[in-house]
Amino acid sequence: MKKLLVLSVLTLVALCLLASCGGNNNPPSNEGGNDTHVHIHEFGEWDVIKESTETEEGLRERACACGEKETQKIDKILVTYSEGLEFELNDGGQSYSVTGLGTCTDTEIVIPVVYEGLPVTAIGELAFIGVDLITEKPTQASNITSIIIPNSVSAIEMGAFAYCSALEKVVISSSVISISSNAFEACIAITSIVIPDSVTSIGDSAFDSCTGLTSLVIGDSVTSIGDWAFGGCTGLTSIEIPDSVTSIGESAFCGCTGLASIVIPDSVTSIGYRVFSSCKSLTSIAIPDSVKSINSMAFFECTSLTSV
């Protein structure tokens, strides 16, 4: 009886051992030719698919040759804004305008995107004017050397930076739609201006007497250039007016004595009073067939002009 019990136990153990080994010492089959090796992704360079801003994170992406993609967030841009600036709540109470330097003593002005939880959407009238209109003496703003306008601002209002004689650098964001009259008048130290494609109008005397201006890019959405907009910009040597422009105001480029060439697009239908008068370096100008009328004083005192 004991022998029978021992034999039963040994048999049971043997069966368990056989089951654990699967009864098969052969390696796994590779039926169908499937590759069993582990693929290691080799990702390429990062491509930015969304730029980060002061208020939102960005996103970048890279891909492997197999099609697998990897994404990664980009931190918000950290910007140190000028402190002490004055602000005024706009009508409707949903946004702010910058209205002055206040207690700020910075010469490099960085305007914030948000103030007290609301967006900053405008640079107010005469906010940073460089001359006291009563005493005609320089104000503290006359010491400003650079200004960065954020992507929240849509309007630069009248005389916002007029007579800022030390202002050399201006960054106009792609959110700005209008540049009002006298906005940068007599900012004699500015050498280069890029007007973004978002801008649709340039006001009267907006850049009048910016004598240091040598480089000008006018965005493709501008439809109107105001009276005296670039009058007296003696450093300009060439100007290309985009096809979007339909209206050029009186004396818009009057007194641009260094201007040697200008391109007038087919969108322009008339050349008004003294638009190019006193452009004494202008030797020739091509006027498109779209122009139906030219004022008699349009090229007054263009003493070098030999062909039109």
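A residue is called buried when its relative accessible area is under 20%, exposed when that value is over 50%, and partly exposed in between. The model to which these words are applied here is a predicted one, and this should be kept in mind throughout.

With these cut-offs we can begin with S173, which is found in the loop between strand 11 (169-171) and strand 12 (178-179). Is S173 buried or exposed? Its relative accessibility is 5%, so S173 counts as buried. In sequence S173 and S154 are 19 residues apart, while in space their C-alpha atoms are 8.5 Å apart.

Another serine, S142, lies in the loop between strand 8 and strand 9. Because the relative accessible area of S142 is 9%, S142 is buried. What does the side chain of S142 reach? It reaches the backbone oxygen of T139, at a distance of 2.6 Å.

We can now turn from loops to a sheet. Three strands form an open sheet in the order 1-2-3, with antiparallel pairing. Strand 1 (47-50) and strand 3 (69-74) are the edge strands, each of them pairing on one side only. If direction is ignored, neighbouring strands of this sheet are turned by 30° against each other on average.

How many bridges join strand 1 to strand 2? There are three, and strand 2, made of residues 58-63, runs antiparallel to strand 1. To find this pairing in the model, the reader may look for D47, which stands opposite E61 in strand 2. Strand 2 is joined to strand 3 by six bridges, and these two strands also run antiparallel. In this second pairing, R62 stands opposite E70 in strand 3. Strand 2 and strand 3 form a hairpin, in which five residues lie between the two strands, and G67 in the turn has a positive phi of about 105°.

Terms used. Residues numbered from 1 in each chain as written. Predicted model: local features only at pLDDT ≥ 70, side-chain atom pairs only at ≥ 80, totals over all residues. Heavy atoms only, no water. Pairing = 2+ DSSP bridges. Helix = DSSP H or I, 4+ residues; strand = E, 2+ residues; numbered from the N terminus. Axes fitted to C-alpha atoms, helices over the stretch in contact; angles between N-to-C directions. Buried < 20%, exposed > 50% of the residue type's maximum accessible area, 1.4 Å probe, protein only. Polar contact = N/O pair within 3.5 Å; in protein donor to acceptor, adjacent residues only side chain to side chain.
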